[in-house]
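These entries record what I looked up in this structure.

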Amino acid sequence: MTSETPYSNMSSSTARMFAAILFTVPALALSLPPLIPSIPGVTEPLTSNAPPLPILQIPTPPLESPPFEASNIKPKKIGYFWTASGDSLHKDFLATYSLDDDTFGTLLWVTDVPSSGNSPHHLGPSLDGKTLIGGGLLSLLKTQDTAFYFDTTDPYHPTFKKSNRGILSSIVDEIRAKPDGGFFITYMGSALGTSPGRLVETDAEFNIIHEWPESVGGLLNVLGEQFSPHGLAVDFEKNIILTSDFIVPLSILKPSLGIQRASTLRLWDLPSRDIISTIEIPDGEGIQDVKFIPGNPEGAALATAVHLGQVWIIYPFRKDGNGKQGVAKLLYDLGPKARDTVAIYSDITSDGKLAYFTLTTANHIAALDISDLDNVKRLDNPDEDQPTIGPHYIKVTPDQKHIVVTDYFVQTGDIGLINTPADYKALYIDILDDGSLSFNRSIDFQREFANRGGAKPHSAVVFDLTDPEAPIYY
């Protein structure tokens, strides 16, 4: 499916002139104070009673967070969960938990951000493990900063570092750390939540330095066809980037003529940050995720097509019959229960042999043996009732023995079209010797944070400090 934009029918000269004008806009980060400052005893009633509006919301200050009981233990395995307050009134927060076997689920710390209603989305670590960044999916609706940075120098007691927002883009999604410090981040929408979004780049101080593409050719590419980057994979050795286009964020909010889904990925040249080509998955209608297969000699990646309920393999260096670089082929159909499940997110073990997929509205986690890409084997029973409701974010733990899954995707409430069921748990699932899964432990965020109206954990990062000389941050 190809989505036209207002620029699709422009003449070549007009389009190039328009792109050149956009090219002159510098990419600088903004960080703005709230439009309505918090005044104790004055603004609390406004925050609690503000009615929902279409799209933009009243930028009320957050309610102060209630106290919490923290443990002073120092586990070797730590889970960080980027979490929304259930009532959307209290401050959103990062919850830090022990993942050690003997103290699993013990709360270590809660780190608030200075705003609420962000709908915390993806979370990612810097390569040195000293910083986490969490994005806000709906921060734009309250005209708030959209990216939140946490200092994890003390891994047991993270502190809030700073926040910022782009100028040309919003709706923070996937995050990948750069070797020299800083991050690449997909911003799925424009500053207004429309297409095109951007691939945002920060420096080592986490200041936004670019909102790619910036070249005339790249801008023509994203202005000519829907560019809503959600998934992000970066191969620093092969010098390529893949982004996958999901949905136009504004289209999920009322009033809407329907959700605008994309069926494309963009292949980028890493050194220049230029788009090489657009790769299409026919009728994919929502390519939510893309990840490179570790150790694959061709640099292949897996991409999820939500409408189809399928996993596709992307060969970034192969060329199609017309000589265009980047080829997509169907790898595995996850079956009828996987179709139109709103979201399909994934992770792959570090040896490139096992892949796991969350099928959000199917309440299911699929497991594939991809050690032989010509003979993929399914390891789960697609008809099994699994103890999960609304699984979305999934991460293989650094020791490759477990997966962490958060049972929450997106709930826009009365203002939007996406409200997926969830039980708001963080699942810690064992990976058995054959690659299949065993469900046995979880953290119930609704119970843990009942004094905030419950809590909605969207994403997770795991630190494994078992070997102090070689800690792993993922």
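What percentage of the 474 residues in the chain is buried? I found that buried residues make up 57% of them. I note that the model is a predicted one.

**Entry 1: the chain.** I looked up the secondary structure and found four helices and 29 strands. Among contacts with a separation of 6 or more, 56% are between residues 24 or more positions apart. The accessible surface comes to about 18400 Å², and carbon and sulfur atoms account for 54% of that surface.

**Entry 2: strand 21.** I examined strand 21, residues 354–359, and recorded six of its six residues as buried. One side carries Leu354, Tyr356 and Thr358, and the other carries Ala355, Phe357 and Leu359.

I then looked up its pairing. Strand 20 (residues 344–348) is antiparallel to strand 21, with five bridges. Strand 22 (residues 364–369) is also antiparallel to strand 21, and six bridges join the two. Tyr356 is the bridge partner of Asp347, and Ala367 in strand 22 is the bridge partner of Tyr356.

In the hairpin of strands 20 and 21, Gly352 has a positive phi near 75 degrees. In the hairpin of strands 21 and 22, Asn363 has a positive phi near 55 degrees.

**Entry 3: Thr388.** I located Thr388 in the loop between strand 23 (377–378) and strand 24 (394–396). Thr388 counts as buried because its relative accessibility is 3%, and the cut-off for buried is under 20%. Beyond its sequence neighbours within four places, Thr388 contacts Asn363, His364, Asp407, Asp423 and Leu427. With Asp407, I recorded a side-chain to side-chain polar contact at 2.7 Å.

Technical notes: Residues numbered from 1 in each chain as written. Predicted model: local features only at pLDDT ≥ 70, side-chain atom pairs only at ≥ 80, totals over all residues. Heavy atoms only, no water. Buried < 20%, exposed > 50% of the residue type's maximum accessible area, 1.4 Å probe, protein only. Contact = heavy atoms within 4.5 Å. Areas by Shrake-Rupley, 256 points an atom, 1.4 Å probe, with all protein chains shown as cover. Polar contact = N/O pair within 3.5 Å; in protein donor to acceptor, adjacent residues only side chain to side chain. Pairing = 2+ DSSP bridges.
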